[in-house]
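Hi,

Here is the structure I promised to pass on. Have a look below, and then read on for what came out of the interface analysis.

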There are 4 protein chains.
Amino acid sequence: MADFVYINKINEAFLTKNDIEIVERKGIGHPDTICDAIVDEVSRQLSLYYMENFGQILHHNVDKATLAAGASEATFGGGRVLEPIYLLIVGRAATLVKTENGFKRVPIGSIVMNAANRYIEENFRYLDPKKHVVVDYKIRPGSADLVGLFSKHNSIPLANDTSVGVSFAPLSPTENLVYQTERLLNSRELKKDVPELGEDIKVMGLRRDNKIRLTIAAAMISSLVPDLSHYLSVKETVTERVEKLADKLAPDYEVEVFVNTADIIDEKNPLVYLTVTGTSAEAGDDGQVGRGNRVNGLITPYRPMTLEAAAGKNPVNHVGKIYSVLARQIANAIVKEIPEIKTVYVEILSQIGKPINKPQIANVAVNIDESVNWNTIKSTVQAITEEKIANVTKITEAFLKGEIIVY
Amino acid sequence: MADFVYINKINEAFLTKNDIEIVERKGIGHPDTICDAIVDEVSRQLSLYYMENFGQILHHNVDKATLAAGASEATFGGGRVLEPIYLLIVGRAATLVKTENGFKRVPIGSIVMNAANRYIEENFRYLDPKKHVVVDYKIRPGSADLVGLFSKHNSIPLANDTSVGVSFAPLSPTENLVYQTERLLNSRELKKDVPELGEDIKVMGLRRDNKIRLTIAAAMISSLVPDLSHYLSVKETVTERVEKLADKLAPDYEVEVFVNTADIIDEKNPLVYLTVTGTSAEAGDDGQVGRGNRVNGLITPYRPMTLEAAAGKNPVNHVGKIYSVLARQIANAIVKEIPEIKTVYVEILSQIGKPINKPQIANVAVNIDESVNWNTIKSTVQAITEEKIANVTKITEAFLKGEIIVY
Amino acid sequence: MADFVYINKINEAFLTKNDIEIVERKGIGHPDTICDAIVDEVSRQLSLYYMENFGQILHHNVDKATLAAGASEATFGGGRVLEPIYLLIVGRAATLVKTENGFKRVPIGSIVMNAANRYIEENFRYLDPKKHVVVDYKIRPGSADLVGLFSKHNSIPLANDTSVGVSFAPLSPTENLVYQTERLLNSRELKKDVPELGEDIKVMGLRRDNKIRLTIAAAMISSLVPDLSHYLSVKETVTERVEKLADKLAPDYEVEVFVNTADIIDEKNPLVYLTVTGTSAEAGDDGQVGRGNRVNGLITPYRPMTLEAAAGKNPVNHVGKIYSVLARQIANAIVKEIPEIKTVYVEILSQIGKPINKPQIANVAVNIDESVNWNTIKSTVQAITEEKIANVTKITEAFLKGEIIVY
Amino acid sequence: MADFVYINKINEAFLTKNDIEIVERKGIGHPDTICDAIVDEVSRQLSLYYMENFGQILHHNVDKATLAAGASEATFGGGRVLEPIYLLIVGRAATLVKTENGFKRVPIGSIVMNAANRYIEENFRYLDPKKHVVVDYKIRPGSADLVGLFSKHNSIPLANDTSVGVSFAPLSPTENLVYQTERLLNSRELKKDVPELGEDIKVMGLRRDNKIRLTIAAAMISSLVPDLSHYLSVKETVTERVEKLADKLAPDYEVEVFVNTADIIDEKNPLVYLTVTGTSAEAGDDGQVGRGNRVNGLITPYRPMTLEAAAGKNPVNHVGKIYSVLARQIANAIVKEIPEIKTVYVEILSQIGKPINKPQIANVAVNIDESVNWNTIKSTVQAITEEKIANVTKITEAFLKGEIIVY
């Protein structure tokens, strides 16, 4: 039995005992999410490159980027981009690798450009990476001259830092609804029916008692929206679709849906949320890595969160990324396995320089009815936790396959 | 009585009930703090400029910046910078203002340069803004063509967003110790005694029960450290000074102090934490706004936190900044006024478009012994909370005077 | 008769009397030409935009750009780009235009991106603007706050500076051969036959007496060149094609053709001129505006030249551009009209602030056999010169249509 | 006797036979000159660094830079900079050098920053490198992975290209006057008397027959010029000083001096040439390397010139730099030694891959009275030419000492 695992029973979670819940999700087209997604794809493509060429993932950390919004004029039925978005990606990576035959250079620039182009092309319909986005980067080698290998073959990587990963499960109905609302609105199916809806969709859920107020900020594609009445009809459609989703996902709650509440619906001089490209990054909204969703896709100020930006960190030994994902996997596995558990909180603290399967502490706090037999539950929780920690390196593999989304 | 104020009694805080506490402070020379500090100074100088020239603070939001580390070689008794730090500041600001006599331009570039130079010169001794730092910026007007005024004279500004500000008080002994340790090590007094100590000082506190482990990462100034034994003696001095501080601030705890634990003290090939300039930003450590300390100067994953980057946001109506500061002021005032309170948590939720002295909710949770008369306490708490909210615009004034530090 | 026109007879031109001629042409894929071409296209698209939206071409001057080469590894049958080319375009342009209804913004960013993409796509086959080139720009308004119009309708623009435009005609056989060699090698027809030949082709001609040595530096497309013998066969084909051209264009000269003379044809470790994209800008060769061909497409140090960079200058009143083109048109018209003329040199000096059809001086020096009647010739030359100057504003129209190439 | 040296007698120079001369000098504060000067200082400091650390000058070529002007408001008695100048320096240099003990990194960033700061501080009084200029750079290794040494010890470097260097001597009276005028106006002495005079001084000389019209564009320091009448008095002083110089240097010519002819001297709304910092680069005038003065400090479209940008090129084997300087030295030495010579033109053509003391051709054309004994002259010219070529590597040494100015 791993001596670093602590399983506690708690009666109720402090933060959710409140009558209030605030939950937010920044959609795939939000400037912060764009930053997260692109640097994480850079890390993934870089990792794949390292694996293929050197048999192991070399040191890198590309968890910084700033997006400076462009300028545009979006008008009913038209609009134009005046100045492109500027995206600067910053980080460290082994770019010159010593091999038996001398040195091998890593195509860092191509990897960055491909990652950025790929994300934009796969996730946007009206944002053209060639015309609307300038991608630049400053990725230099780390402080060591020629960065060594992470670890010898088959050994467990050593934690790069003392960091804590936290997570919880299950999502509350409000959290789930917020998450699924954005997923619905950015689904291919819905975009077929409502092509006017852009990709920059921010969903905020505020629950007080059993009332949930969903506030959706959704950029519209100006060229597809000929006039104000059309715009209003799109808002109506979106509202209906989300209401239908809420009926299904949160039947026990009164859910109110509000779309683009900042609109000024003045016939003569309407001020509505139109964009040429589908994202507010085209004009006025800057972005950064690590300022948006946590690893579970949500921002939940009433829940334990860390400030760690998982996106862009290497998936081998950067515990800021790995333990965030690990904590989430443990929490999810526990509630899946043990339906009696109401909520579980997981915190994992690394020990710098120690193997990542040997955290300092893995703390699991379980909220469960008094009536349930704690001892049985506890040992199952312990087993799941230990098993997930033991297999922590599988996270790396899953990341390489693109199976792990951290935003 | 304000109907948005809720005062609750709680028995104990979920997160601090744990036997474990993790607390971190990134010092004034840390790459993330450099970003926070400079953009916040940009906002302050810009606000002052607007006040002086237009009688009011105009729209701006400069809460994004990325620092790309330079390259250096730090060696005992010497060292050199190979490549300067690159700092890109990104944001929005009114740069062309319509006045009665036409247009007036805002010297945005000078303000940025001055803010950056000022912070570096006031806080570093060996980092030369002219030689070691390239400061660039992309600050454009917001999406509106000619940004209007925030509000008419004497009226209360309207919240720019739906955001939540959270805080708590008092600091736990661990939190206080972590905070004060950095403050001590970066004080002018200590720098006189131990000039070898650089400004990039990160302090992490890990408490288990009554044992606190303080881990300090402190960059040394290479030119002042002739050799390994000198280096070790500086570490010893630092350790002693912090131990003395701990005796004073946390007498009831067993405190262990560790300095630069990643050092490899190998006589022949030592690997220690030397820098030419006093900050790891010179080589290998990138930074960003909003990734470091919260408004109380600490990172506390076991306490409620938001992801809001207060730094760089305008101090007039950006509730992400103002409510973070306001929550902290309320919490501090409550525990100062009512010594019986063990801990107080404050959460304030804004209402977009509504006056900032009318939040949606101000939730105050008080942890207090059962023996204390709750009703008396409650009404005092209520009064303090209401008074602070009513005077929220004083935060703007204090910010202009430089009295509010948000990092 | 225009009092600023001077027609002189000269016996022979100093520079061509030499036994030596040196002539160079940097092809359309050369880093300097890329800069020239893109900024000139920016000026053209900007001019068209101004015309369409404001009925006149507004102030601009985009005659600066620097291309920082990327990094690549080109190998037989393959190769890869490691880092993209970075192109920074710098200049001045009216970006905010005061109209009757307020202000209108100019989509300067879109114009820059389109111009760059267009040039690359039309002129390269293997250089992908999305993957291989980062285009950035710093184009700000001029020093005047809101730049006024150049001139009232139908009036003649005023010269923006005191500049001199020089040209000559006809091209000597060497000059013509150098020019046509690059045009042949970058023609669609030849690229069909020899797709391996890249677009970065530099031709240098050195004539001593009746011997011309043509030295061609031609980037090859690495993916299409499987091995050294294939490479050598391409060089042979290129040589033959150019020899055939020389037979036609310079039958009276002994022409030797050398291709990629810096190659090291070592079977084991050959060092040859391979590129992934067709241009040396991919790795190692930087570029700038105004450092390549003059307006006649050539660099001719033994002929009068100015340092004016015509590319990117506005086509309305920037005499550095207009008079360079005008001098060339006059020289060409003269030799076309009067076959007896051996060489004509034209120099036109503007007068700042005066209408561009009123230069200070237009000096025409004619080299002609003694036997020819000078008076007849002279008056024809005078007439042609005056007519061209009188119609100088037609150059603007031709530029807008894309009929004038200045590189 | 070197077989590549050709000495010819010419009767008169084609270009100066004209009644017209146009000569220009861009002063040390002109945007183009700033670019030239800083990259040449980068090359010099880099060369010194290489010498000191590796015993030889390694490969580099930093002959590209673009200066994007800032923004400012200059007003009588005051003024302010709104946006700093942005200077991007681009080039190639060996930054990672293989030595016996592994690799040594070159502090390329520090060298760039120091060179820029140094030039600005030594040549400007009101331009503050810390506040008014953002210096950035993209200097990467060349296309070879680890750039080798130029040459073995004590051997002669091999020409890196086929280039031609041209020069002439002596300067004509107009040329000399233009050059000396700028030198006077930017001298410490004159700046003491006329501190209002900025550093950005452009002098254009136009001679027709024996009349010289000197047009001077001189930026004034706005803070030192309280009003229009003061401004006019400074212009008067400058005019007088230059007239006095002209009396001395060009006594046989009628010289007219015009200062800031574009001024609009309207009492109410004067438009005059004021700057905050002394250079037009602060607002509106961009710059580039290689677009200003040739190696002799002048732009002379009526004389043979090359487009070679000498500034920033390595002083070892880059014949574009070395032969430009060499041609000038030969021409100067010849006219100094042989007073009978009226004008001498020197052209030197390199041979790529051959030792730089073995040019393909060194062509010297001498204009001398028929009465002089040509044979004696010719052999002296030949001797001087051969001697200078034989000692060509001394140019490298002189460059390192800062004795050679190429702008």
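A word on terms to begin with: contact means heavy atoms within 4.5 Å. On that basis, 27 residues from chain D and 27 residues from chain B take part. This is a predicted model, in which local features need pLDDT of at least 70 and side-chain atom pairs count only at pLDDT 80 or more, while totals for chains, interfaces and linings use all residues. Residues are numbered from 1 along each chain as its sequence is written, chains are lettered from A in the order in which they are written, and side-chain values use heavy atoms, with hydrogens and water left out.

Chain D and chain B bury about 2,200 Å² between them, 48% of it on carbon and sulfur atoms (accessible area, 1.4 Å probe, lost on being put together and summed over both parts). On the chain D side, Leu82(D), Arg105(D) and Lys130(D) lose the most area to chain B, together 27% of what that side buries.

Lys130(D) turns up again in a salt bridge with Glu121(B), at 2.3 Å, N to O; the count between the two chains is two (a side-chain nitrogen of Lys or Arg within 4 Å of a carboxyl oxygen of Asp or Glu).

Now the symmetry: chain D superposes on chain B by a rotation of 180 degrees with 0.0 Å of shift along its axis, RMSD 0.1 Å (least squares on C-alpha atoms of residues with pLDDT of at least 70 in both). That is the relation of a two-fold axis. Of chain D's residues, Lys130(D) comes closest to the rotation axis, its C-alpha at 2.6 Å. Finally, 100% of the interface residues of chain D are also interface residues in chain B, so the copies meet through the same surface.

Best wishes

Methods: Buried area = accessible area lost by both parts, 1.4 Å probe.
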